[in-house]
Structures are given as structure tokens and as C-alpha cells.
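Open the model in your viewer and keep the selection panel at hand. The tour below goes stop by stop.

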Amino acid sequence: MNGYGGKILRVNLTSGLIKTEPLDPRFAREWIGGRGFAARLLYDEVKRGANPLGEENKVIIASGPLSGVFVPAGAKVAFAAKSPATGGYGESNMGGHFSPEMKYAGYDVIIIEGTAPQPSYLFIEDDRVEIRSAQKYWGKGCLTSEKMLKSDLREEFQILTIGPAGENLVRFACISHDFGRQAGRTGMGTVFGSKKLKAIAIKGTEAIPVANVKEATRLGKEMFKQIFDNPALKQWQDYGTPGVVNWANEIEAFPTRNFQMEYFEHHKNLSGQLMRDRIVTSDKACFGCPMSCGKYSHTRKTSKYKYNVWVEGPEYETIALCGGNCALPNIEDVAYANWVCDELGIDTISSGAVIAFAMECFEKGIITEKDAGRKIRFGDVDSFAYLAKKIAYQKGIGKILARGTRDASKVFGPEAEKLAMQIKGLEISGYSFRNALAMALAYGTCDVGAHHNRAWAITYDIEVGRQKSEGKAAKVIFLQHVRPMFDMLGTCRLQWVELGFELENYPKILEAVTGFKYSLEELLKFSEKVWNLTRMFWAREIKGFGQTYDWPPQRFFKVPPGKEKIFLTREIYDQLLQEYYKLRGWNKNGIPTRKKLRELNLEFTMGDLPHKKIKLEIQVVGYIKELFPGERFPLELENPLTIREILKRLKVKEELVGLVTVNGEPGNKDHVPSDGDKIMFMAFAAGG
Amino acid sequence: MKIGINNSLCSGCRVCQLICALTCEKVNNPKKGRLEIVGHFPVPGGYEIKMTDECNQCGQCVRFCPMGALYREDEE
């Protein structure tokens, strides 16, 4: 099958059964690859209510049709599972060399099922597939075990490993590959750990069949040349993602001290330019990528710095979350923190966020020295490394922190809950958004929890004016459709984001490679389908799922110290969210409508629509109670409505109602209450 | 032409292997490329490019190496 490996590999770790199934061309035409395959297979194969750490969860590893062929950066692979971090749709996307290798071995998808009776790894060399003992690698760090596997097999094997954190079921454990690439987010390493799967080693030797080799090569050459001629390329090759550190501070979007602030006073010590001079030893690219944004670094032990490590990175996100957010004041400390996380096998984004959360809890007296086992403070790399190890081995306070900020904060109490910087249970990544309304919405509505790059909207905020809300919901939706297209194709989107590469390049080369003809609009429509499918996964898995899951923490509506005002308010956010739902064809609670599901051929998900009525408790205070059916009464709604619409239905003029509270918190009339909410209406002067 | 190698500039992207296999073997399979890339990780990092004896010095890899790790020696 042109452009594809042609097979699905299914491995059941419980029974030891290994099967290959042919890839159905109709399935490939409709779901394209990568994230499309992963989302659909996960929806079908993991049953409702599955325990993310149970035998019934599965990991879907999916490559795409442009992976491994002659296009820039055809290197991306998707990992999907029900997320132990969030309880919803879990997916993480990774570069490196694994995705092409799957195709050379003949596989578009690897499905991991069941739980191995003892620590195991999966060995794949073309058609030869074996589940082997991983006893000797178990307990070892990600980088160490990758090195061991390369020595035991051969250098040319492409390898995935997990570290102690994944083995110990830390909820934000990552999958590591190529000594520094990770599938970091949503706990994919945790699911490997729960299955006692330490590693996968793969090697393939076959060619990928291409529909029109001549045309594909011509187009590929054209694409490479466009990139070579781009004046912005050099900057990317030199600095990679850390090149934006200074910019993120200039626009005040840099996570600082657990998002208390958005500008870090030491940011110049963390910039890509300084990093290149001080610690970078070589460039490290994903397969087929001319941009080589990966940097390999070495920090030397000196009188000033304590640690001697080799590490890939740090990337911008690591610098933002481990650097600014934990207030580490220099690039050497960040590189060390990065290495600690990489070897233990924890996502640097969530780890930076969880550790910053712990640091702030300590500062505010919510966690004491006795709880933590030592003093914990912002800016101290030893505090960072200490907590990272506690987390990875689930020791002491690490046992609580290993659950992620949302669930850890519930243990520490309501004051701590205010400090948990997460949405849907996933820690917010490296762009603060008090003054970036599109970015706020992009984080809030992101399909895996708060992750920046499923729709990197902040540049649009800067471009059109950060305070403006007009057009932003539509832009976020557009970006949320472009990104899955790249993820389905199995290529990186940075050529488009950073070098202004035309999207029209992709349907053309896709046709030359696969023989399938698509228009760009059609590809983006498939993205919309994937976006709606994953939304339905959340609605299916989480009782009461809806708009409250799209809300950012209260901290982002508050003016940070040293600033006079911010643009994001609860009211503006609610309006943006409702506009977004409307444009998406979702109801007011953010659930896809039947009409939308039918339009996208997602009828098979309709049985999973929440059909429960929304029950509210209404209380009325003041003289206006005479206008309502009673002073206290229950109200049942078939569909979510705004407060304004509820008043209309009750035939009460909204201008007579002065104040609305929802569960005791001040609300506004555009708010859409959820099932079980207690709503109180008050007159303007309710004193009598 | 004669192809020169500067290992310290190699990013390990394997575009050279891809274009080599496409040019010389007409297949999309970097494993058929007439050069090899060997990584040295985690310590000290970096890559090593090894030309095989089959290389006919056609220079396509030089044209598409994004890092300048492969170059024409006669142009130096």
C-alpha cells in the first residue's frame, strides 16, 4: 500500500499473542495516519470506563504516511491511551527516528494490549517480533537503559524506554527515545509502566512503496529547497526552540514562579543565544529534518556549577517550566534539571509545574519542612532534583506529588487547589495567557488538557491585539485543525509555524506518496473529525464532562504583582468559550451536537452522548422572589442554557436580577450552569 | 567531485541517506543509502558519517545536507 507500512502489529502482553493485521485502505483513506489512526483505534478498542492503569487500557502507537519518506521532518509518531494523568483522551506526539523505522519494518500501527507477567520489552526486526525479558533493564534510567539496549542489540535499532517513574506509575511519566526525545505528555510512560513494558526496540530494512517516486522526489526536493532558501532557517538551526526565551519575556508570557508572574528577571541567563555559547556541543535533528532544533549540551562542573551532565536540550518548554517556573537562574541548572527528569523518565513540563507548585506550597506554609523532608525553595536546583527523585520513586511527599497538581492539591487542601496550574488535570505548558485571549482559549479547549502546541495561538494575539476577542475563537479552531493534519501525516508542523511553509505543499506530496487525492479543505475536515472524536472520548469517559473542564485556574483572571491590569476576565473568557462552542457546532456545555456528529460521519459515537438532564437548585433572595415559582426550587433542563436563557424561560426580566452566584461564587449571565449547580438570584437591593 | 566530511556539523537527520537511496537505488529506503550515520550518545554526543565503497561521489547528499557536514572537497 503506497505511503504506508501496510500492517498493524497487535501485541497482547497478557497472553503473549502477537498478530499482524493488514491495514485497510478505506480506514487509511479516512483516518490518514498518526493521530487520526490513534484517536479512532483508541475510541473503538478501549472500552468506556477502562482503568487507565488496568490491563484493559491500550497504547496505540501510530506512524503517518509522510513519515520516513523524502519530505522535511517526516518523523512524527503518535502515542495514545486513556490518560492516567487526566482520565480523558491521552496522546503525546514524538519526533526522533522511531516513526520512520516503524514504516521500514512494515508497520503503521503498533497496538499494545494487556499486562506482562514480568518486566518485558518488545523486540521487532522486520517480521520477527518477540516479547523478551527486561529484567536486566528494569529500574534503570531512560538514557542508561537505551544505551544498554543499543549495546546488547545494535546501534541501528531505534528504541523507546521508560525510566523508574514509569515503572512506579508516576502519572506524568514519559516515553523516552533517541537519548532525549520524549513523548512527554499525558502519562504515556505511565501506561507502559502499568503494562510492565520497559522498552520497544525496532529495526526495519524495507523500502516504503511510493505511488509516484519521480513526482514525490521532485516535490520533496522543492520542499527542501524552499527551506534552504528561507532566511529564518539559520536562526532555527543555531538556537532551536530556546531562541524564543527572550521574546516570551518581552511579551510577558513566560511562566515564572508557578505562574505567579509572567516575566523572569534572570531570563537572559536562559536564552537560546547564551545557551549556544555556554553549553551546546552539537545539533541533533529528527529524521529528515533540515531545521535541527534539537541541541545537545554538556554542562561542566566548575566552581559555580555543581553538575557535569550531557543532555539533549533544554528545549524552550523545559526552560520555561523548570527554569522560569521554578526560578532556576541559569542555563546550567536548567540543563541539570532536564537531565534529572530525562533519566528518571518524567515529563519536563509537568515536572516543572508540579515542582513549582510544591515550591509555592512550601513558601505559603501549606507544606512544611517536616512534610517535605527538607527546605524547598524557588531558584534552588537541589530542591528540584530532590523532589524529582522523590516523585519518581514515590517516596515521602513524592507519593502525593506523583499524582500531578490537580490530585495532589486535593490532598493538601483548598488553599493548595488554588495553586494547581492545570486544565483537565494536565499541567499548563510554557506560555502564560493573562494577556493573550486566543492562547487562553487554546489551552482551555485543548483536546489533551493544557498543552500549548495543539494550537499555538499566542502569535495571533500579538499580531491582532491581545485584548481583542473578535475573531479569536475562529482562529483557535483553524489552528486546532491545522495541527492534527500534520500529526496525521506523521510530519512536524514547525516548517509551517516557523518558516511560513505553505500548507498547500502537503496535499500535493501526500498524493504523490500515497496516490490518495485530497484537497487541503478535505484534510482540515478530517482534522475537525478527529477533534470532535476526541471530545466525545472525554464526554464518554468523564461523568459530567463539559465546559467547566475548559476553564483555566482562577489565578489567570487575577492581576499579578507589579502589573496594573490584565485583559483576561471570567466574563470575557465565558463569552469566548460560548462563541467557540457555537462555531464548532457544540451545545452550550461544550458537547458536540447530533447534527455535528452526523455531518462528520461520527454517528457511531452518538450512543455516548450524555443524555442526563441538567438538574439545578435555584434560590431567590430579596423582593424578586415573587417573580419566580418559589424561593427555593429545583429546575430541570434538557439542554444546557445560559443564566440569561434560564431567566427568559422562567419569564423573569433579567434586568431585575442584580447578582447571580453559582455554587457561592459570583457568576455572570452568560454562564452556563452544569448539572448539580446551585444558583442564587438576588435583587439589586436585597437588604429587605 | 570528491565528497568531504565534517562530522562535527552532522545533526544525524539522515537526509543524505534518503536522497542517496532515491538517487542511486530509486527506492525510498535510507538503509540502501551508500553512507552510514553512527550516533555517539549519550556521551559525548555527536554523529559520525561513514561513506561506503559503493559511493560514486555523485554529490546529491552534499546538495541536500542541511548542515554543511558533507561538502565538495574540490570547492574548498
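**Stop 1**

Select Met439(A). Beyond its neighbours within four places in sequence, Met439(A) is in contact with Tyr431(A), Phe433(A), His452(A), Ala455(A), Trp456(A), Ala457(A), Ile458(A) and Asp461(A). This is a predicted model.

In the largest nonpolar core, which has 99 residues, Leu401(A) and Met439(A) touch the most other members. Now colour helix α13 of chain A, residues 348–363; with ten residues, α13 gives the most to this core. Another core lies apart from it and has 88 residues, including Ala39(A), Ile111(A), Ala285(A) and Leu499(A). In soluble globular proteins, nonpolar side chains tend to be buried together.

**Stop 2: a buried strand**

Select residues 294–299 of chain A, strand β14. How many of the six residues of β14(A) are buried? Six of the six are, so the strand is largely enclosed by the rest of the structure. Check both faces. Gly294(A), Tyr296(A) and His298(A) are buried on one side, and Lys295(A), Ser297(A) and Thr299(A) are buried on the other. In a regular strand the side chains alternate between the two faces of the sheet.

Next, show the partners of β14(A). Strand β13 of chain A, residues 280–284, pairs with β14(A) in the antiparallel sense over four bridges. Look for Asp283(A), which stands opposite Lys295(A). Strand β15 of chain A, residues 309–312, also runs antiparallel to β14(A), joined by four bridges. Here Ser297(A) has Val311(A) as its bridge partner.

**Stop 3: the six-stranded sheet**

Move to the open sheet of chain A with strand order β2-β1-β6-β3-β4-β5. The pairing in this sheet of six strands is mixed. Select the edges, β2 (18–22) and β5 (89–94) of chain A: each has a single partner strand, so one side of each lacks a neighbour in the sheet. On average, neighbouring strands of this sheet are turned by 15° against each other, direction ignored.

Then pick β3 (residues 59–62) and β6 (residues 107–113) of chain A, which run antiparallel and are joined by four bridges. Ile61(A) stands opposite Ile110(A) in β6(A).

**Stop 4: two crossing helices**

Select α21 (residues 472–489) and α24 (residues 520–541) of chain A. Their axes come within 8 Å and cross at roughly 95°. The two helices, α21(A) and α24(A), are therefore roughly perpendicular to each other. Show side chains at the contact. From α21(A) come Phe478(A), Gln480(A), His481(A), Val482(A), Pro484(A), Met485(A) and Met488(A). The α24(A) side has Leu520(A), Leu523(A), Leu524(A), Phe526(A), Ser527(A), Glu528(A), Val530(A) and Trp531(A). By class, this contact of α21(A) with α24(A) has eleven nonpolar, three polar and one charged residues.

**Stop 5: a loop residue**

Go to Glu504(A), in the loop between α22 (494–499) and α23 (505–514) of chain A. Glu504(A) is partly exposed, with a relative accessible area of 43%. Now draw a distance to Lys625(A). C-alpha to C-alpha, Glu504(A) and Lys625(A) are 60 Å apart in space, and 121 residues apart in sequence.

**Stop 6: the five-stranded sheet**

Finish on the open sheet of five strands in chain A, in the order β19-β18-β22-β20-β21, with mixed pairing. Which strands stand at the edges? They are β19 (632–637) and β21 (665–666) of chain A, each with a single partner strand. Zoom in on β20 (residues 657–662) of chain A. It pairs with β21(A) in the antiparallel sense over two bridges. Thr661(A) has Pro666(A) in β21(A) as its bridge partner.

Key: Residues are numbered from 1 along each chain as its sequence is written. Chains are lettered from A and ligands numbered from 1 in the order in which they are written. This is a predicted model: local features need pLDDT of at least 70, side-chain atom pairs count only at pLDDT 80 or more; totals for chains, interfaces and linings use all residues. Side-chain values use heavy atoms; hydrogens and water are left out. Axes are lines fitted to C-alpha atoms, for helices over the stretch in contact, and angles run from 0 to 180 degrees between N-to-C directions. Angles under 35 degrees count as roughly parallel, over 145 as roughly antiparallel, 65 to 115 as roughly perpendicular and the rest as oblique. Contact means heavy atoms within 4.5 Å. Ala, Val, Leu, Ile, Met, Phe, Trp, Tyr, Cys and Pro count as nonpolar, Asp, Glu, Lys and Arg as charged, and the others, Gly among them, as polar. Buried means under 20% relative accessible area, exposed over 50%, partly exposed in between (1.4 Å probe, protein chains only). Two strands pair if DSSP finds at least two bridges between them. A nonpolar core is a set of buried Ala, Val, Leu, Ile, Met, Phe, Trp, Tyr and Cys residues joined through side-chain atoms within 4.5 Å.
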